[in-house]
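Subject: Handover of a structure

Dear colleague,

I am passing the structure below to you for your records. Please look through the sequence and the coordinates first; an account of what was found follows them.

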Amino acid sequence: MADQEQDLAVAEELCYQLVRLLTMVGRAKAQFSQATGDGIERAAYALLAHLVREGPKRITALADAVHSDTSTVSRQTSALVAHGLVERTADPEDGRACLLVATDAGRGTFDRARAERTKHIAAVLADWPVSERRTLVMLLDRLNTDFENYHPLGEVR
C-alpha cells in the first residue's frame with residue numbers, strides 16, 4: 001500500500017474512533033445535564049469553564065476562544081448571567097464595553113462539574129498504566145492544537 005493510501009486508511013480509522021468517542025461523550029453530557037437539572041445548556045458550561053480557567057473576557061473574545069459566533073455566545077452567557085453564574089462588569093480598558101466574569105457561584109458550579117467529570121474519567125482509565133494515560137493526554141493536546149490551527153481551503157480565523 002502506498003504511503004498516501006496508508007495515511008488515508010489511518011485517518012479513516014481515526015475518524016471512526018473519534019465518532020465513537022464523540023458519541024460516548026454526548027451520552028455522558030446528556031446524563032450529566034439530566035443529573036444537574038439546573039436548566040443550563042451544555043454548551044454554556046464550556047463558556048463558564050473558559051471564564052473560570054482563563055479569566056474575564058469580552059463577549060467577542062470569548063466567542064473567538066470557543067470558536068463560536070458572538071450571537072450564540074451572547075445568548076448562552078445571558079442564561080449564565082440569569083442563573084447568577086456569570087456577571088457583566090465594566091471593562092477597565094474601555095468603559096463602553098463590558099467583561100464577562102465568573103461569579104463565586106459560577107466557580108463553584110464549575111468546580112463541582114469538573115470534580116464529577118474527573119471522577120468518571122479516572123474510573124474509565126483506572127486500568128490503564130499511568131504512562132499510557134500521560135501519553136493519551138499528550139497526544140490529545142497535540143491533536144486539539146492541530147485542529148485549532150488547521151484552516152481548510154486557506155480559511156483563516
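Does S68 count as buried, partly exposed or exposed, and at what relative accessibility? S68 counts as partly exposed, because its relative accessibility is 25%, and buried would require a value under 20%. The residue lies in the loop between α3 and α4. S68 and L143 are 75 residues apart in sequence, and their C-alpha atoms are 19 Å apart in space.

Please note that this is a predicted model. The mean pLDDT of the protein chain is 88, and 92% of its residues reach 70 or more. Among the elements, helix α6 (residues 130-149) has the highest mean pLDDT, at 95, while helix α1 (residues 3-36) has the lowest, at 85.

The chain as a whole

The protein chain contains six helices and two strands. Their order along the sequence is α-α-α-α-β-β-α-α. The chain is more spread out than a compact globule, because its radius of gyration is 19 Å, well over the 15 Å that the globule rule gives for 157 residues. The C-alpha trace spans about 60 × 40 × 25 Å along its principal axes.

Of the 157 residues in the protein chain, 20% are buried. The chain exposes about 11,500 Å², and carbon and sulfur atoms supply 56% of that area. As for charge, there are 19 positive and 23 negative side chains, and the centres of the two sets lie 7 Å apart. Among the contacts with a separation of 6 or more, 43% are between residues 24 or more positions apart.

The loop between α3 and α4

S68 has already been placed in this loop. H67 is also found in the loop between α3 (59-65) and α4. What is the phi of H67? Its phi is positive, at about 55 degrees, although H67 is not a glycine. Most residues other than glycine have a negative phi. H67 counts as partly exposed, because its relative accessibility is 46%.

Helix α4

S71 counts as exposed, because its relative accessibility is 55% and the cut-off for exposed is over 50%. Q76, by contrast, is buried, with a relative accessible area of 7%.

Which residues does Q76 touch, when those up to four places away in sequence are not counted? They are E41, A43, A44 and L47. For S71, the finding concerns T60, which is 11 residues apart from it along the chain; the C-alpha atoms of the two are separated by 9.3 Å.

Two further buried residues

A49 has its place in helix α2 (residues 42-54). This residue counts as buried, because its relative accessibility is 17%. A49 and F110 are 61 residues apart in sequence, yet their C-alpha atoms are 6.3 Å apart in space.

T103 is found in the loop between β2 (94-102) and α5 (104-124). Why does T103 count as buried? The reason is its relative accessibility of 14%, since buried means under 20%. Leaving aside residues up to four places away in sequence, T103 touches G84, L85, V86 and E87.

In summary, the predicted model shows a chain of six helices and two strands that is more spread out than a compact globule. Among its residues, Q76 is buried in relative accessible area, whereas S71 is exposed and S68 is partly exposed.

With kind regards

Definitions and conventions: Residues numbered from 1 in each chain as written. Predicted model: local features only at pLDDT ≥ 70, side-chain atom pairs only at ≥ 80, totals over all residues. Heavy atoms only, no water. Helix = DSSP H or I, 4+ residues; strand = E, 2+ residues; numbered from the N terminus. Rg over C-alpha atoms; globule rule 2.2 N^0.38 Å. Buried < 20%, exposed > 50% of the residue type's maximum accessible area, 1.4 Å probe, protein only. Contact = heavy atoms within 4.5 Å. Areas by Shrake-Rupley, 256 points an atom, 1.4 Å probe, with all protein chains shown as cover. Lys, Arg positive; Asp, Glu negative; His and termini not counted. Charge placed at Lys NZ, Arg CZ, Asp CG, Glu CD. pLDDT = per-residue confidence, 0-100.
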